[in-house]
Each structure stands twice: as structure tokens, then as C-alpha cells.
Amino acid sequence: MLGAIAMVTGAISLGATPIIFFNPISLLIVVGGSLMIVLSQLRFSECRMALHAASRAFKHSLPDTASTIEEMIEISKLARKGGLLALEGFETRSRYLQQGLQMLADGFAPETVKEVLDKERLMTLDRNQAGARAFTLLNEVAPAMGMIGTLIGLVQMLANMDDPSSIGPAMAVALLTTLYGVLIANVIAKPIAEKLEARMHQQAKLQTLWTDALLAIQEGKNPRIVEQMLLAYLPDDVRDRRQAQGESVATSDEGANG
């Protein structure tokens, strides 16, 4: 996003004086009008949530699936060796996983664990959808406000054709509002909306993985079985490579024992 903004700014700087691309009236129409329309369709709390979600998406990356599986295998081995109570002291960055581990250590029934975690997952999904929706609306509204500004500028220009000095400013409003609308939609709003959508699906997949692993650990399944179950979350090529590595390690261990 910063690279795209830098390229547009560079093209403006190289082609002409940058100040001619700044027009307060056009900014008022596009930026102010777009924000007001978005606020008219969403609650203020949802808009604040969208800004928070966007900030979190750019500042904090989610763990990748492979490292998450490794962590769950480690937790499974810990539970098999020291019991579910040993999970109480396990430190993890995920609040969702930490909540699940605490429930296992406290001895909650599997049905309760699944119900609470599923509810948490659905609420997280709902919050992420609200954040993505705000930027999706902005992506749809900004070009339309740019077109409205263009029409306003053209009307002003045509109404004052007898005054040559007013034609230039009116034409500037007409063209710059379209430019502002397209830039806001395609350089800012759409990339953020797409990023939040992708993050939403990735987070939902991770939370489903955590839930499946926690329930399997609570049932006392062998860590090897837990690993095989979680490998389904990996892409086919990564899963095949991982399974091949596991088989080669097992073969070498058997040869050493022999």
C-alpha cells in the first residue's frame, strides 16, 4: 500500500507541481461525503472496530498453520506426560488457545469446551466481518462520491462559461474528485477490505484447528494421532513432504535400534 501511494505521489511530483493536485473542495466532497455515507449505514462502534481491526491486521500477523500444528503437538505431549493439569502453566500468545487450555486444566466437559470455543469463534468472525464491511462500503462509496463531485464541477463550469476565470477551478473540482474517489477506493479501502477478509478466514481456520486439537488432547489421544489429524489443515504438497520426512525419520530410528 505504501509502495502504491509512493508511486502515485512520485508520478504527480515528476509531471507537474504537486500543489495543483490538492483541492479542498474535492477532498470535502469525496472524503467527507464518503465517511458520512459509511457512518449512515454503520454504527459508530462498528467503524471504530473496523479501524482497530485494520490496525491489528497490519501490526500483528497470525501464526502460520505449520507452526501452530507443532505447538499443538507439543501441548499434546505435555498433557500425555503430566496430565491435563500440566497445561495450566503453558504460555501461548493466542487468547483463544489460552482459554481452551485453561478449560481443559479446570476439568470442563468436552461438550462445554466445544460450545464455549465455538461461541468465541463465531463472535470473532462477526467482529472481523464488521471490520471488513466498513472498508468494503468505503470502496463502493468513494468512486460514487467522486462522480458526484465531477458532476458538481461540470455544472459550475457550464453555468459560468461567460467567466473564463471560473472555468479552471470548476474543471479542477470535476477532475480531482474522480481522482480522489478512485485512489481512496483502490489504493486504501479495497486492499484493507481484502486483507481483513483473508485474515478473517485464516483466523477462523486456526481457531477450528485449535478446537479439534484441544478436544483430541482432552480425549487422551496419542500425540501421533493428533498430528495426523491436524495435517489435514496443511496444503497437499506441504502435508506430503511432512509425511515423507516423518517416514524417513521413523525408518532411520528403526535401523538404529536394529
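Helix 4 covers residues 65-82, and its 18 residues reach 26 Å from the first C-alpha to the last, close to the 26 Å expected at 1.5 Å a residue. The model is predicted.

**Helix 4**

- The buried residues of helix 4 are Thr-65, Thr-68, Ile-69, Met-72, Ile-73, Ile-75, Ser-76 and Ala-79.
- Lys-77 and Lys-81 are exposed, and they sit on the face of helix 4 turned away from its buried side.
- An α-helix has 3.6 residues a turn, so residues three or four places apart point the same way.

**Helix 3**

- Helix 3 runs over residues 44-59 and has 16 residues.
- From first C-alpha to last, helix 3 reaches 23 Å, which is close to the 22 Å expected at 1.5 Å a residue.
- In helix 3 the buried residues are Glu-46, Cys-47, Ala-50, Ala-53, Ala-54 and Ala-57.
- Their arc around the axis is only 120 degrees, so they are on the same side of helix 3.
- Phe-44, Leu-51, His-52 and Lys-59 are exposed on the other side of helix 3.

**Helices 6 and 7**

- Two packed helices are described by the angle between their axes and the distance between the axes.
- The axes of helix 6 and helix 7 (residues 164-218) come within 7 Å and cross at roughly 170 degrees.
- Helix 6 is therefore roughly antiparallel to helix 7, as angles over 145 degrees count as roughly antiparallel.
- The residues in the contact of helix 6 with helix 7 divide into 26 nonpolar, 19 polar and 5 charged.

**Salt bridges**

- The structure holds 6 salt bridges.
- One of them joins Lys-114 and Asp-118, whose closest N and O atoms are 3.1 Å apart.
- Lys-114 and Asp-118 are 4 residues apart in helix 6 (residues 110-159), which means that about one helical turn separates them.
- Lys-114 is partly exposed, at 40% relative accessibility.
- A network of salt bridges links Lys-114, Asp-118 and Arg-121.
- Arg-127 forms a salt bridge with Glu-120, with 3.9 Å between the closest N and O atoms.
- Arg-127 has a relative accessible area of 33% and is partly exposed.
- Lys-221 and Glu-219 meet through their side chains in a salt bridge of 3.7 Å, N to O.
- Of these two partners, Lys-221 is partly exposed at 35% relative accessibility, whereas Glu-219 is exposed at 56%.

**Two pairs of residues**

- Pro-24 is in helix 2 (residues 24-41) and is exposed, with a relative accessible area of 53%.
- Pro-24 and Val-173 are 149 residues apart in sequence, and their C-alpha atoms are 9.0 Å apart in space.
- Gln-102 belongs to helix 5 (residues 95-105) and is partly exposed at 26% relative accessibility.
- Gln-102 and Phe-90 are 12 residues apart in sequence, with 9.2 Å from C-alpha to C-alpha.

Definitions and conventions
Residues are numbered from 1 along each chain as its sequence is written. This is a predicted model: local features need pLDDT of at least 70, side-chain atom pairs count only at pLDDT 80 or more; totals for chains, interfaces and linings use all residues. Side-chain values use heavy atoms; hydrogens and water are left out. A salt bridge is a side-chain nitrogen of Lys or Arg within 4 Å of a carboxyl oxygen of Asp or Glu. Helices (H or I, at least four residues) and strands (E, at least two) are DSSP runs, numbered from the N terminus. Buried means under 20% relative accessible area, exposed over 50%, partly exposed in between (1.4 Å probe, protein chains only). Axes are lines fitted to C-alpha atoms, for helices over the stretch in contact, and angles run from 0 to 180 degrees between N-to-C directions. Angles under 35 degrees count as roughly parallel, over 145 as roughly antiparallel, 65 to 115 as roughly perpendicular and the rest as oblique. Ala, Val, Leu, Ile, Met, Phe, Trp, Tyr, Cys and Pro count as nonpolar, Asp, Glu, Lys and Arg as charged, and the others, Gly among them, as polar. The expected span of a helix is 1.5 Å times one less than its number of residues. The arc is that of the directions from the helix axis to the C-beta atoms.
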